[in-house]
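Colleague: I would like to learn how to read a few features of a structure, beginning with the residues around an open space. Could you take me through them one at a time?

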Amino acid sequence: MNWYKDCIFRVHLELELMNKLILIVLALVYSNVNAQDFTISKKDHPYFDVIEWKGKGGLLRSRSEKEFMNQIGLALVSEKEEGMWDQKFNPKVREPFFIAEDSSKCVYFLDNFDFVNNGRITFNQINGGGNAKGITVDVGIKMKRMGYYLYDKFQFVDAVVTNKAFVCQYRFLNKKEKSVHDFAVIIPHHNFIPVIVELGEIRMDEYKDGKYGNWTFTGSMNDDIYFSWREKKTDYHGWTIKAYSIKGELTEDIFFKAPENTGSFTNIGYGTRGRYYQKDEDRYVIETGAPCLINDTWYLATIREKGAARELVLFEQDGDKWKELQVSNIKFYNPELPINLGVFPIKEGITYHLAHGESDKVGFMYFDPSKKGRQEKYTEEGIYNPSRFLFTKTKGEFKVGLPSKLLVCKTYQFAFKGGVSFEHRAY
């Protein structure tokens, strides 16, 4: 009987092993069906990184290793198992600044922050079809007509992309009159003829004391470009919001009352906007909130005082009030140390950089209050790949959500300076 039991046992064992093998084979088949590898071959120069054009895909960048050669090659990687297009452009600097918004029609590579050559801005525009244009815009000639000649006294503040224009912000410090003037330079995508708007003027002592804020880009809707300014109206603290057309015409002027118990922070900027790239701390300003217009809806990211603690809160405008959506506690809050915060909205929520004391974090908050975001140690990966916060965190993976699939790239490949493999995965 023992030999019979041994035979039965062996049969069961073999069946179990066979079932496991079948499951492994099926898993591999399913994986191959739902994931497709493909390679973008090296062309003239090595690829050195991939950055996200959110809503479009990944921009694979190549460049000569010779320091004096600034030309950059671009390949858009998206739904197809090949580059959608290849293009080259010639920035005037080795490391131009990538300026983009979620689903923007164009992206820009800005050469310099402050004006050059008597009031000029230089950049390259790349549109969705891969067409590249190198542009020099003479802002100085129009500034002269407004009575401003001291271009070296203008400070770069921000650069953003809207539905209709590339927008740069500058600040003029008039030490003689002890005043600060905020300007927006609106450069339409189609003709690059600049329109200058003087957003506002503030006394220098009020500016330095943090009593009032500075004009800040807030978002765009249709053809309008929105800016916010922190102030006190009658008995209410809040933000004046003004909208301008690409012709510089004022189209809207509203006021948002601030939620209760808002605390202050230093606006350090975040995301693929000019404010993040410029690191001159003298140009940082104190704010009590960051209004954001996206998806045709107003949101507000702010620091809330809660007794001896502080927390980051995301609100949504609800009539004349703010509805709380998400809250994240600031651990180990120290009132003796500043809170540094930068915010960059995408369609799904806000990405942010929050630094306080020894804590230096990036994170994400969904606009959908039923979903929870995450927070992690600060790295630049979050800047050039905001979609990574929407998916499971995997070290060394660039991830972009496409309409029908997920695009993934292992970033260790750039060390080999050859072709770069991508993977299409099912959601």
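Modeller: Let us begin with the classes: Ala, Val, Leu, Ile, Met, Phe, Trp, Tyr, Cys and Pro count as nonpolar, Asp, Glu, Lys and Arg as charged, and the others, with Gly among them, as polar. Please keep in mind throughout that this is a predicted model.

Colleague: How many nonpolar, polar and charged residues does the lining of the second largest pocket have, by class?

Modeller: The lining of the second largest pocket holds seven nonpolar, seven polar and four charged residues. This pocket has a volume of about 330 Å³, and of the 18 residues that line it, V327, S328, N329, Y352 and Q375 are the closest to its centre. The elements that contribute two or more residues to this lining are β24 (321–329), β26 (349–356) and β27 (359–366).

Colleague: Which residues lie nearest the centre of the largest pocket, and which element gives the largest share of its lining?

Modeller: The largest pocket contains about 390 Å³ of space, and among its 20 lining residues those nearest the centre are E101, D102, N163, S220 and I294. Two or more lining residues come from each of β14 (216–221) and β21 (290–294), and the largest share, four residues, is given by β14. By class, the lining of the largest pocket divides into six nonpolar, eight polar and six charged residues.

Colleague: Which residues line the second largest cavity?

Modeller: About 60 Å³ of space lies in the second largest cavity, and its lining consists of E52, W53, K54, A100, E101, D102, T272, F344, I383 and P386. By class, this lining has five nonpolar, one polar and four charged residues.

Colleague: Let us turn to the strands. In what order do the four strands of the open sheet stand?

Modeller: In general, the strands of a sheet pair through backbone hydrogen bonds, either parallel or antiparallel. Here the order is β2-β3-β4-β5, with antiparallel pairing, and the edge strands, each of which pairs on one side only, are β2 (47–53) and β5 (83–89). From one strand to the next, the twist averages 25 degrees. Strand β4 (residues 72–77) is joined to β5 by six bridges, and L76 stands opposite W85 in β5.

Colleague: Does N70 count as buried or exposed, and where is its place?

Modeller: N70 is placed in the loop between β3 (57–63) and β4. Buried means under 20% relative accessible area, so N70, at 18% relative accessibility, counts as buried. Leaving aside its neighbours within four places in sequence, N70 is in contact with R63, P91, K92, V93 and R94.

Note on methods. Residues are numbered from 1 along each chain as its sequence is written. This is a predicted model: local features need pLDDT of at least 70, side-chain atom pairs count only at pLDDT 80 or more; totals for chains, interfaces and linings use all residues. Side-chain values use heavy atoms; hydrogens and water are left out. Two strands pair if DSSP finds at least two bridges between them. Axes are lines fitted to C-alpha atoms, for helices over the stretch in contact, and angles run from 0 to 180 degrees between N-to-C directions. Buried means under 20% relative accessible area, exposed over 50%, partly exposed in between (1.4 Å probe, protein chains only). Contact means heavy atoms within 4.5 Å. On a 1 Å grid over the protein atoms alone, a cavity is a set of points where a 1.4 Å probe fits but cannot get out, and a pocket is an open set with protein on both sides within 12 Å along at least five of seven lines; lining residues have an atom within 4 Å of a point. Grid points are joined across faces, edges and corners, and a volume is the space filled by probe spheres set on the points.
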